[in-house]
Amino acid sequence: MCGIFGVTGTAKTAADNVFAGLKNLEYRGYDSWGVALRDTEGIQITKQVGKISEGTMEGSDAYEAVGHSRWATHGGVTLDNSHPHRVGGVVVVHNGIFENYLSYKTKLEDEIDFKSETDSEVIAALLHIEIQNGSSPQEALTHVSSLIEGRFAILVMFDSMPGIWAVRRGSPLILGRGGEQTYIASDIPAFLEMTNVVNYLDDNQMAYLHGVEVDFWDLLTGEEIEKRNIEVEWDIESADKGEHPHFMIKEILEQKETIARAINQDKEQIDAFTTALKKAGGIYIIGCGTAHKAAMATEYFFAQIAGKKVNVVAASEVESFKTFIRPNTALVCISQSGETADIMEVVEYAESVDATVLSITNVASSSLARASTVALPVKVGPEKAVASTKATTGQITIGFLLAHAYADTFTKGLGILLGAAANINDMINPRYEEHIESVAKKFKDTENLFIIGRASLYPIALEAAIKIQEVSYIHAQGFAAGELKHGPIALIEEGTPCIVLGDDQETISNATELKSRGAVIIGISTTEQPVFDHWLRVPDAELAQPLVSIIPIQILSYHFALLRGHDPDMPRNLAKSVTVK
Ligand code: M6R
């Protein structure tokens with residue numbers, strides 16, 4: 001959460017570049033933003049509440065700048081709470097959480113006139129005191145970092161010397177190299193238009209950017225370290241909305257091609273992944289939110305296709321199961337961003353007990369991918385809308401492929417997926433979208449919406465609920481089709497819309513039970529059924545049915561958001577990459 005971006009160099013475009021590049025990180029947080037720039041007059045700070053894409057900033061001759069796009073954690077959405085924070089001669093932007101900040105804030109309250117409610121300002125205060133006591137920036141940062149409990153990435157400017165200092169523990173920071181400027185950001189898209197040559201800052205490392213030079217140190221030993229320049233493959237165009245009004249619809253439509261890209265995995269990597277799974281004493285698949293639902297679908301695939309029981313746990317719930325993660329455990333992490341804090345914490349634990357970390361992630365350069373023994377790339381290109389769509393189907397695709405690889409039926413799995421991808425290509429067309437929009441119009445004002453699915457469509461019912469909730473703010477809930485009658489059916493009233501996934505006999509019986517109590521049924525299935533009031537057709541994808549069934553719901557959610565006047569790309573209270581616990 002929170003995008004941070006810094007630029008140093010010889011060109012006097014640092015602030016303009018930070019302002020422009022931060023817009024590409026807006027999906028990390030869009031409550032408020034701010035930029036600190038250094039020109040011949042010193043460091044000046046501009047802050048605004050609201051989205052940076054709607055903000056303005058005056059031109060300047062700055063040769064250094066740091067910026068921040070905020071997702072509020074400590075303190076509300078106010079100008080005072082927005083970054084950068086200045087205390088004395090120190091200016092800080094921060095991503096992450098300083099968990100024990102209050103104990104330091106209380107101690108410093110007589111000495112420092114705190115302006116904000118944030119944990120971040122306390123970092124600036126601690127650094128200021130260190131500098132006042134005669135420490136160098138490097139010493140101050142080393143000491144203050146050792147006081148912080150929690151995951152963080154910070155960029156710091158000191159009045160006393162040019163350059164930008166950066167420290168990372170748990171939250172990403174990547175440097176962009178080349179040309180007359182050097183960049184440092186929480187995500188590559190911030191500087192992708194300028195360079196694709198990067199250095200990764202790892203945990204407990206510090207960097208000092210001065211001009212186009214960068215020095216690196218290990219924070220724990222104080223030793224200088226060398227970094228290798230790495231060229232990353234990112235496609236600028238796919239990080240752009242193009243002709244579409246929103247990233248969400250662009251990314252939904254891209255599934256015509258992205259599923260085929262996800263299918264196209266390196267067979268040696270698949271084999272290495274499967275060998276690690278077969279060797280393991282136990283398999284845990286973890287993820288958060290939508291990725292957790294992809295993990296659940298994968299659990300069904302392994303059971304149905306490979307006759308193998310795997311354990312699926314939401315990453316934030318792993319604590320209770322930690323004792324089962326042992327040296328012979330294979331931990332499979334599913335994550336679009338590869339930076340989600342709840343996942344990275346489990347990864348760190350798994351590493352500490354020598355368990356094998358495997359991953360399925362869309363960002364090949366992410367912390368998760370770099371921590372994995374085998375990292376399968378989802379390959380769907382940058383996903384910018386907060387609501388995950390093309391990454392979800394990419395993850396489900398790979399889960400399905402892995403189950404087949406585990407069952408030694410890889411070629412058969414490949415055939416099913418290729419057929420599904422071709423059918424999805426035919427299914428997504430303007431008429432299909434118009435039909436779904438017409439259904440969205442009928443139910444746009446509903447307060448409640450329920451979704452049911454059986455077997456591998458149960459995780460899709462849960463995912464459907466997330467999709468509808470996060471962009472339309474309608475109260476949507478997913479259930480296992482057979483579970484509804486054990487309680488939730490009491491919620492059904494005359495006219496309550498219920499989405500029914502699938503057309504097997506038992507699910508249709510459940511749909512009939514709902515309809516008898518007044519529900520209006522929207523069926524998503526391969527065949528039209530008499531119980532359906534509305535029908536969204538999906539192709540038959542055999543056991544890969546979850547893959548095709550989620551797409552009409554993504555389109556429906558998008559239209560709900562528009563019809564209800566919401567921005568589907570940046571829903572309230574959310575951020576794309578959740579790097580705080
Ligand atoms: O980057 P990740 O896949 O690890 O993110 C996990 C969740 O935060 C994410 O899937 C979230 O649930 C999405 N907003 C859902 O659309």
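Where does Asn573 lie? Asn573 sits in the segment after helix H16 (545-563), where helices (H or I, at least four residues) and strands (E, at least two) are DSSP runs numbered from the N terminus. The structure is a predicted model, in which local features need pLDDT of at least 70 and side-chain atom pairs count only at pLDDT 80 or more, while totals for chains, interfaces and linings use all residues. Residues are numbered from 1 along each chain as its sequence is written, and side-chain values use heavy atoms, with hydrogens and water left out.

Back to Asn573, then. Its phi is near 65 degrees, a positive value in a residue other than glycine. With a relative accessibility of 62%, Asn573 counts as exposed; here buried means under 20% relative accessible area, exposed over 50%, and partly exposed in between (1.4 Å probe, protein chains only). Ala455 also has a positive phi, near 55 degrees, and is not a glycine either. Ala455 belongs to the loop between strand E21 (448-453) and H14, and its 33% relative accessibility makes it partly exposed. For background, most residues other than glycine have a negative phi, and most peptide bonds are trans. The bond that joins His83 and Pro84 is cis, with omega about -5 degrees. Pro84 is part of the loop between strand E4 (64-70) and strand E5 (85-87).

Zooming out, the protein splits into domain 1 (3-238) and domain 2 (247-563), with bounds that come from an automatic or database domain assignment. Taken over C-alpha atoms, the two domain centres are 36 Å apart. In domain 1, 16 residues are in contact with 13 residues of domain 2, contact meaning heavy atoms within 4.5 Å.

Now for the ligand. Around it are 14 residues, of which Ser335, Gln336, Ser337, Thr340 and Glu470 come nearest; a residue is near a molecule or strand if one of its heavy atoms lies within 4 Å of it. By class, this shell has five nonpolar, seven polar and two charged residues. The classes work like this: Ala, Val, Leu, Ile, Met, Phe, Trp, Tyr, Cys and Pro count as nonpolar, Asp, Glu, Lys and Arg as charged, and the others, Gly among them, as polar. Helix H8 (289-306) and helix H14 (457-472) each give the shell at least two residues, and H8 has the largest share, with three residues.

A polar side-chain atom of Glu470 is 2.4 Å from a ligand oxygen atom, and a polar backbone atom of Gln336 is 2.6 Å from an oxygen atom of the ligand. For Val386, a backbone N or O atom lies 3.1 Å from a nitrogen atom of the ligand. The protein covers 90% of the 410 Å² of accessible area that the ligand has on its own, with areas from the Shrake-Rupley method and a 1.4 Å probe.

Ser135, in the loop between helix H3 (120-132) and helix H4 (137-147), is buried, at 19% relative accessible area. Not counting residues up to four places away in sequence, Ser135 touches Glu130 and Ala140. Gly502, in the loop between strand E23 (497-501) and helix H15 (505-516), is buried too, at 9%. Leaving aside neighbours within four places in sequence, the contacts of Gly502 include Leu457, Ile524 and Phe532.

Terms used. A polar contact is a pair of N or O atoms within 3.5 Å; within protein, one must be able to donate a hydrogen and the other to accept it, and residues adjacent in sequence count only if both atoms are side-chain atoms.
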